[in-house]
Amino acid sequence: MSVPSAIVVGAGIVGAACAEALAEAGCHVSVLEAAFAGAGATGAAMGHLVVMDDSEAQFALTSFSRRLWAARSLPPDVEDDPCGTLWVAADEEEMGHVRRRAAFYAARGEKAEVLDAAALRTAEPQLRPGLVGALRVPDDRVLYPPAAARLFLERARLRGAEVWTGLPVEAIEPGRARCSGGRWLEADLVVNAAGAWAPRLFPGLPIVPRKGHLVITDRYPGFLRHQVIELGYLESAHALTRESVAFNVQPRRTGQLLIGSSRELVGWDDSLNGPLRGRMLRRATGYLPGLTHLRALRTWVGFRPATPDKLPLVGMWEPGLWVAAGHEGLGITTAPGTAALLAALVLGRTPPIDPAPFDPRRPMPAHA
């Protein structure tokens with residue numbers, strides 16, 4: 001079987017990882033990006049590499065992908081930090097969820113540790129008193145997503161890929177893509193990795209933009225040792241309601257803290273929602289009271305590509321057209337796993353995980 005040529009539309013972290021995987025497999029790859037590498041959701045994202053258990057399919061993709069991340073040699077500018085994650089329980093009901101999640105992870109060979117209130121206080125002294133415990137996932141990590149996307153692209157270039165930035169794609173057809181100015185580029189297949197913008201190129205693709213706010217602080221080295229997340233985050237992150245907030249704070253290699261998170265279904269309105277940001281920060285300070293004494297430097301918004309069933313779309317859309325999009329808040333975690341899965345499907349090889357849950361043509365509930 002001859003190795004196909006491929007056009008990858010989008011140089012966010014998922015598109016960049018797909019370009020690297022296809023180039024590594026011997027494909028001639030052209031990457032087309034409207035702005036610059038990581039300009040969309042990647043540049044606006046938190047950089048967590050987390051194993052998630054909202055479904056068996058989500059666990060399979062996130063655990064496989066995080067293993068691929070751990071096997072990589074990452075340069076200093078990627079700011080890889082093996083800080084682990086603490087899923088914090090506020091009461092005994094949530095502590096029951098901690099124990100069930102710990103059992104789920106253990107049954108699948110994933111490291112996880114149940115912390116009681118005293119152990120949690122030792123692990124993270126800045127957390128407020130009265131929390132009853134946490135699930136510690138020690139192999140989770142945090143990194144700087146734009147640098148990781150640039151790394152994937154550079155490795156694709158070293159394998160012969162061509163990367164075109166500042167070149168918007170206006171239309172995709174089987175085997176070709178039309179760039180701004182009317183120029184058509186041809187290849188055996190085209191991969192739509194345009195994130196929240198993917199439906200503009202594939203009408204009918206079940207992806208909607210989901211806006212989020214993040215706040216970053218000045219440098220306070222040692223303030224926080226782990227990424228800390230409330231157990232209610234999963235419900236907030238995956239219910240397609242108009243507005244929601246949840247506690248999620250990351251320490252960065254720079255000593256800064258990244259504070260999230262909010263979610264809104266407001267189309268492409270990129271204005272700052274002051275009241276919602278206020279709710280998000282109050283949620284954060286309710287768990288980490290010491291945040292009130294820290295200096296915030298900047299707030300920004302971005303758009304996550306959300307699907308109705310919470311899983312990305314990875315696979316063939318129609319002959320000659322492929323998609324790798326719809327990862328919502330897990331695109332950073334799942335980029336290398338998505339790329340490995342897509343490359344296997346494109347080349348007719350045995351997929352590393354079951355591809356069926358990610359089939360772009362699978363039955364899908366309607367968006368709220």
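Q: What is the strand order of the open sheet of six strands?
A: The order is S8-S2-S1-S12-S19-S18, with mixed pairing. This is a predicted model, where local features need pLDDT of at least 70, side-chain atom pairs count only at pLDDT 80 or more, and totals for chains, interfaces and linings use all residues. Residues are numbered from 1 along each chain as its sequence is written, and side-chain values use heavy atoms, without hydrogens and water. Strands (E, at least two residues) and helices (H or I, at least four) are DSSP runs, numbered from the N terminus.

Q: What makes S8 and S18 edge strands?
A: Strand S8 (162-164) and strand S18 (313-318) each pair on one side only.

Q: Why do S1 and S12 count as paired?
A: Pairing requires at least two bridges found by DSSP. Strand S1 (residues 6-9) and strand S12 (residues 189-192) have four bridges, in the parallel sense, so they pair. Val8 stands opposite Val191 in S12.

Q: How do the axes of H1 and H10 cross?
A: Axes are lines fitted to C-alpha atoms, for helices over the stretch in contact, and angles run from 0 to 180 degrees between N-to-C directions. The axes of helix H1 (residues 13-24) and H10 come within 8 Å and cross at roughly 40°.

Q: Which residues of H1 make the contact with H10?
A: Contact means heavy atoms within 4.5 Å. On H1, the residues are Ile13, Val14, Ala17, Cys18, Ala21 and Leu22.

Q: Which elements does H10 lie across?
A: Helix H10 (residues 331-346) lies across S12, S18 and strand S19 (321-325). Its direction is at about 30° to S18.
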